[in-house]
Amino acid sequence: MGGLVLMTTMLATSNGYAEPEKAGPFTRFENRLQWQSQGELFWIDAFGPDALRFRSSKSLRITDQDWNLLPQPESKLEISIGPRAATVKNGKITAEVQARRGRITYRNEKGEVLLREAIHAHHPQFARQFKTRGSDHFEMKVTFDADKDEHLYGMGQYPNDCLDLKGTVLELAQKNTQISIPFLLSSKGYGFIWNNPAVGRAELSMTHTSFYAEYAKQMDYVIFPGDTPADLVSHYADLTGKAPKMPKYATGFWQSKLRYYSQEDLMSVAREYKKRNLPISVIVCDFYHWPVTGDWKFNAELWPDPKGMIEELKAMEIELLVSVWPTLAADSENYKEFIDNNWTIRPELGNNLFLKVNDDLTFVDVMHPEARQALWSKLQKNYYDLGVRMFWMDEAEPEIEPLEYDNIRYYLGNGREVSCLYPYYFAKTIHDGQVANGQTEIINLIRSGWIGSQRLGTLLWSGDISGDFETLRKQVKAGLNIGLAGIPWWNTDIGGFYGDTESEAYKEVLIRWFQYGTFCPVMRMHGVNRPQRKIPGQITGTGASNEVWGFGEKPLEIMTHYLQVRERLRPYIQRHMDVASETGIPVMRPLFFDFPNDEACHAIEDQYMFGPDVMVAPVLEAGAETRSIYLPLGAVWKDALTGQEYKGGQTLDYEVALENIPLFTRNAFDFEL
């Protein structure tokens with residue numbers, strides 16, 4: 001945790017230091033504006049070029065806790081103060097502050113209002129509200145005026161069927177299928193980072209924009225302007241980090257199911273892909289390959305030679321991804337060591353068994369540095385030293401039942417204050433261990449994330465979702481928003497987590513999902529399909545076939561074709577993944593990202609760009625024979641199926657067949673379906 005910042009900064013002069021300049025409630029320091037009145041203190045600082053950081057508290061103490069923000073180069077503020085108002089300018093952004101209420105208005109370099117704190121005639125500090133929650137912790141909320149024509153995006157992954165988040169209320173908490181990454185991108189040309197890992201909410205209504213925290217020491221946010229969505233996303237990446245370069249194998253096809261229950265079961269699938277000459281880059285070993293949850297090792301009875309297995313897979317040019325949970329059962333060989341050293345999440349009340357999945361489980365406190373080291377030492381000995389280089393971090397929210405945040409004690413604080421950080425530190429546990437061992441190509445699958453997760457080589461996925469068209473439609477929008485929130489590596493369970501191999505209706509969903517998955521950052525098949533079966537002597541069973549040949553001849557024919565499409569597309573994906581690692585710009589993004597001057601693109605939520613040259617229009621309805629497709633202005637579009645060219649700025653009533661996904665290219669990009 002950051003230490004307290006002393007409020008004794010002086011203005012530098014030729015004679016050394018002088019007293020800060022004061023006027024009314026304002027104090028002008030060398031590179032900071034301070035306002036204090038009516039029991040509140042706030043600071044406005046530069047946070048690198050063209051960005052301002054606001055911090056406030058009623059404890060009258062402000063800390064230098066940056067959480068996951070990266071250190072920024074110094075930027076000189078232009079500050080002027082008077083008895084009635086003050087201004088703070090950092091390059092392209094200016095804050096105007098009223099003396100009486102401390103009301104703040106943020107403007108861009110053209111003088112246009114980006115955000116303005118809300119005001120209420122009978123509540124002098126309506127915009128910033130604090131309620132004490134004991135000692136120096138508060139329940140807090142900041143509220144801004146709303147623009148009804150504004151479009152809002154980002155914020156992570158929410159399965160709410162909304163690309164434009166205007167009019168929504170978002171819970172700021174991590175849950176299975178919900179990933180909170182509080183970066184808001186506005187069509188008015190600003191980015192806003194709510195720099196607070198506390199449980200809370202964002203209210204993006206027609207009447208106001210608010211951010212709320214249940215339990216925190218200070219209000220903390222960063223705001224910056226940008227002329228285009230690309231400017232904003234790139235600036236956010238400069239503040240929070242960029243994904244590393246994606247390994248080349250990761251752009252291929254990943255095969256997974258719940259679950260391959262033995263070494264022979266998994267290897268038989270890998271060998272069958274090679275026998276059929278079907279592309280495959282990664283195969284996945286899911287949960288309960290271990291003897292007891294928390295042993296963090298292969299069950300030797302069913303996985304007798306994991307080192308030899310990994311070597312055989314590598315000879316076939318297949319990487320192994322292994323699931324690890326941050327959980328311990330009471331009869332695990334590691335339980336006593338972790339409990340005795342306080343390396344698990346601790347309850348404020350009651351017992352420490354927070355989750356029931358076959359066993360009663362507790363969670364490793366990955367916010368504790370010693371717990372991270374201890375967990376990695378087990379993973380290194382039992383996986384890494386055998387050749388495992390990819391980890392699947394499941395249960396990363398963590399998934400606690402019942403979810404009572406105030407009953408959770410982490411090393412960094414109470415659950416209400418820091419819970420959103422858990423997936424970041426789980427990822428950091430494994431990433432730092434891999435780096436310490438000299439591994440340079442890192443990609444690990446994880447079910448949740450927060451600000452900065454992208455720089456740890458994390459691939460997020462959308463959790464345990466249903467296999468139906470309604471859910472597929474939601475995934476398209478959720479994936480676009482998480483890309484705008486700084487996470488370029490994202491995927492879904494193709495076909496959804498829950499499927500049925502015997503259902504013709506499900507097979508249609510699967511085919512459409514497989515086509516969509518071909519044009520996602522990572523293409524990964526996964527699920528627990530019906531009918532399921534028990535495995536004698538094992539605590540949990542296995543789903544039906546989830547391989548491309550397990551659904552009948554017609555689905556196999558179509559999916560085989562799209563495996564080949566993905567293979568041909570891989571150099572293009574790799575090229576634009578490299579761009580993502582250099583700039584933060586995601587490969588998969590909404591139409592308005594590439595066409596910010598075409599207002600119609602803000603209304604299109606079921607098409608997207610895959611890199612700058614490919615536009616994808618997935619089929620998202622059962623039995624569809626046509627679908628509406630908008631071609632953005634400013635380009636000539638080529639149908640990748642027929643070769644026909646169209647001028648942008650028109651809407652097509654496009655005929656679709658089960659065999660194909662509508663795909664259009666531009667910029668003379670030559671690609672055929």
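**Helix packing and sheets in the predicted model**

Arg372, Leu375, Trp376 and Leu379 in helix 5 meet Tyr425, Phe426, Lys428, Thr429, Ile430, Gly433 and Gln434 in helix 7. Sorted by class, this contact of helix 5 with helix 7 comprises six nonpolar, three polar and two charged residues. The model examined here is a predicted one. Helix 5 covers residues 369-382 and helix 7 covers residues 422-436. Two packed helices are described by the angle between their axes and the distance between the axes. For helix 5 and helix 7, the axes come within 9 Å and cross at roughly 55°.

Stepping back to the chain, its secondary structure amounts to eleven helices and 46 strands. The radius of gyration of the chain is 26 Å, close to the 26 Å that the globule rule gives for 673 residues, so the chain is as compact as a globular protein of that length. Along the principal axes, the C-alpha trace spans about 80 × 70 × 45 Å.

In one, six strands make an open sheet with antiparallel pairing, and a reader tracing it will meet them in the order 39-40-41-46-43-44. Its edges are strand 39 (588-589) and strand 44 (645-647), each of which pairs on one side only. Within this sheet, strand 43 (residues 636-639) and strand 46 (residues 663-665) run antiparallel and are joined by two bridges. A handy residue pair for finding this spot is Lys638 with its bridge partner in strand 46, Thr665.

The other sheet is also open and is built from three strands in the order 35-37-38, here with mixed pairing. Strand 35 (498-500) and strand 38 (542-544) lie at the edges, and each pairs on one side only. On average, neighbouring strands of this sheet are turned by 70° against each other, direction ignored. Strand 37 (residues 528-533) runs antiparallel to strand 38, and two bridges join them. Here Asn529 has Ala544 of strand 38 as its bridge partner.

Definitions and conventions. Residues are numbered from 1 along each chain as its sequence is written. This is a predicted model: local features need pLDDT of at least 70, side-chain atom pairs count only at pLDDT 80 or more; totals for chains, interfaces and linings use all residues. Side-chain values use heavy atoms; hydrogens and water are left out. Two strands pair if DSSP finds at least two bridges between them. Helices (H or I, at least four residues) and strands (E, at least two) are DSSP runs, numbered from the N terminus. Axes are lines fitted to C-alpha atoms, for helices over the stretch in contact, and angles run from 0 to 180 degrees between N-to-C directions. Contact means heavy atoms within 4.5 Å. Ala, Val, Leu, Ile, Met, Phe, Trp, Tyr, Cys and Pro count as nonpolar, Asp, Glu, Lys and Arg as charged, and the others, Gly among them, as polar. The radius of gyration is taken over C-alpha atoms; the globule rule is 2.2 Å times the number of residues to the power 0.38.
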